[in-house]
Amino acid sequence: MQSFVIGVDIGGTNTKLALVDEQLKAFELRSFATGAHAPWEEFRAQLLGQLQELKGLALGHGATVRALGVGAPSTDYFSGRMQGAGNFRWGERNLRSELEDLTGLRCVVDNDANLCAWGEYLAGEGKGARELLTLTLGTGVGGGVVSQGRLVRARRAPATELGHIVLYPEGRVCSCGQQGHLEAYASATALRFITQEVMGEEVSADELSQLIAKGESKAVQVYQRFVKDLALGLVSLCACFGPERIVLAGGVSALSQDLAHDVEERLRRDYFFSPHFCPEVRVSGLRSGETAVIGAAALALESMGKHFSAESGTMA
């Protein structure tokens, strides 16, 4: 009997999930509004309904669902706990145990940005890179690092919370309550702030992208400020992790078709060491929201004893 796992990516705006097979191919990718400021119980009911639908679809095709992999902000792989997520109002909870009780499935959880990095490494623009850094540019800014074929994690405290490196001391207030973090300058939330400041009005992300493509002067000014701050943050991250490749994912990565080129150009200009060691920059080529879903599914498959080759992302 064919079997699937379900990968889930809980984002600040939308939650995405899909059936995923052992070759990391996603089926029935779907999305619903997270409602991060609504009670946890409302989200849980929505998620359960979606999970039951996917399990029913698998069963209808003579297949079974064996495990659940979930990515969520500020979630710890080792303890299973979600805590301190700045864009959520759900409090601290053991996401892993609650979802296992809710679904009856084996469940593994991790930081959503970690799983985005893992998905890119195994099935996306990170394939073939032994040292990979991924930034998710969405409601907030998340990050994941793969080094020598392994995700970088820490047991004692959250690691690779890359959106919370300090860019400008005493700068804009971040969603976490502190000041000057990268997230306050390179997220969708930050773009809305910059756009209002420069253009004097609310402009949707799609409208801003179109105005940038047309060369509208104020829109280009917004874009240049965004690129400068993003590249400045990446300079510090490169000093810490030495990636050979950087992948930009999340909704904001679609801001301009030239984003990867422009960020890499600025990074090369500001890089503290020889440009020879400056990493290449790419934008995720996977479907919107698919990256972390695949990473979550891979985590679920690994919990069942499956292994992936470090080079190609195929089953070993």
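This is a predicted model: local features need pLDDT of at least 70, side-chain atom pairs count only at pLDDT 80 or more; totals for chains, interfaces and linings use all residues.

**Strand pairing and helix packing**

G7 has G69, in strand 4, as its bridge partner. That pair belongs to a sheet whose 5 strands follow the order 3-2-1-4-7; the sheet is open and its pairing is mixed. Strand 3 (26-33) and strand 7 (106-111) each have a single partner strand and stand at the edges, so one side of each is left without a neighbour in the sheet. From one strand to the next, the twist averages 15°.

**Parallel pairing around strand 4**
- Strand 1 and strand 4 run parallel and are joined by 7 bridges.
- Strand 4 also pairs with strand 7 in the parallel sense, over 6 bridges.
- Within strand 7, V109 is the bridge partner of V70.
- Strand 4 is mostly covered, with 7 of its 9 residues buried.

- Opposite L19 stands F27, in strand 3.

**Helices on the sheet**
- Helix 2 (residues 95-103) lies across strand 1 (3-10), strand 4 (64-72) and strand 7.
- The direction of helix 2 is at about 150° to strand 7.
- Helix 3 (residues 112-123) packs on the sheet as well, where it touches strand 1, strand 4 and strand 7.
- The direction of helix 3 makes about 95° with that of strand 7.

Technical notes
Residues are numbered from 1 along each chain as its sequence is written. Side-chain values use heavy atoms; hydrogens and water are left out. Two strands pair if DSSP finds at least two bridges between them. Helices (H or I, at least four residues) and strands (E, at least two) are DSSP runs, numbered from the N terminus. Axes are lines fitted to C-alpha atoms, for helices over the stretch in contact, and angles run from 0 to 180 degrees between N-to-C directions. Contact means heavy atoms within 4.5 Å. Buried means under 20% relative accessible area, exposed over 50%, partly exposed in between (1.4 Å probe, protein chains only).
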